[in-house]
Amino acid sequence: CLICGVGKYQHFQNCQLCSTGKYSFEVGVIACVDCPAGYVQEQVGDTSCDACAKGKYIGVRGGFSCKFCDKGKYTNMSKSISCSICPAGFVQPMTGLYYCEKCKLGQESNEEVHTCGDCIEGTYGNKEGLADCYICPEGWIQGDFGKTRCFECLKGKHANKDLKATTCLHCPSGWYNNETEQ
């Protein structure tokens, strides 16, 4: 009688090595076992499977190579079967990492390109991890990029009425403003 060792299986009257993505930890088997999802085996004739590291995953059984998480995704656990999308206000511009970076003050996340970008004119970001910068309130302006606050218009001036106020303008002839924040 033929008894095949570990890492092998019996195929007719021959012992064959378990192929990649499969393993056998017992003697005398007639078939090797697929590695479970989250685990891989890159070698032939092995007795166990290896867990995918943080930042990598494999979502199918019988895998022989872990895949890197795509840009904008992460997994902070080994043995992962999938990657998670970075939450709003966080980005991951690289592949295969196990964390997302929090956007800094004066920035917002851009999920399309997986980076943080400066708040544009007329907006501000006074917190870390913003998905979208805040629009300056009425009577307040911000004329620069990447800022953390807006400024009020002084007496005799008013904020431009565009969607995003960027400048304080003098009142037109015949008009006046004796209050701030207009």
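I began with surface patches, which are made of residues with over 30% relative accessible area and no salt bridge, like charges being joined within 9 Å and nonpolar side chains (Val, Leu, Ile, Met, Phe, Trp, Tyr) within 5 Å. The model is predicted, so I kept in mind that local features need pLDDT of at least 70 and side-chain atom pairs pLDDT 80 or more, while totals for chains, interfaces and linings use all residues. Residues are numbered from 1 along each chain as its sequence is written, and side-chain values use heavy atoms, with hydrogens and water left out.

Patch. I found that Ile3, Val6 and Val27 make a nonpolar surface patch of about 290 Å² (accessible areas from the Shrake-Rupley method with a 1.4 Å probe, only the protein chains shown counting as cover for residues). Ile3 sits in the segment before β1 (8-11), strands being DSSP runs of E of at least two residues, numbered from the N terminus.

Salt bridge. I looked up pairs with a side-chain nitrogen of Lys or Arg within 4 Å of a carboxyl oxygen of Asp or Glu, and the count came to 1. Lys22 pairs with Asp34, the closest N and O atoms being 2.5 Å apart. Because Lys22 lies in strand β3 (residues 22-23) and Asp34 in strand β4 (residues 33-34), the pair ties together parts 12 residues apart in sequence.

Gln92. I placed Gln92 in the loop between β11 (90-91) and β12 (101-102). With a relative accessible area of 0%, Gln92 is buried (under 20%; exposed is over 50%, partly exposed in between, 1.4 Å probe, protein chains only). Leaving out residues up to four places away in sequence, I noted that Gln92 touches Lys71, Gly72, Lys73, Cys86, Leu97, Tyr99, Cys100 and His114 (heavy atoms within 4.5 Å).

Conventions
Helix = DSSP H or I, 4+ residues; strand = E, 2+ residues; numbered from the N terminus.
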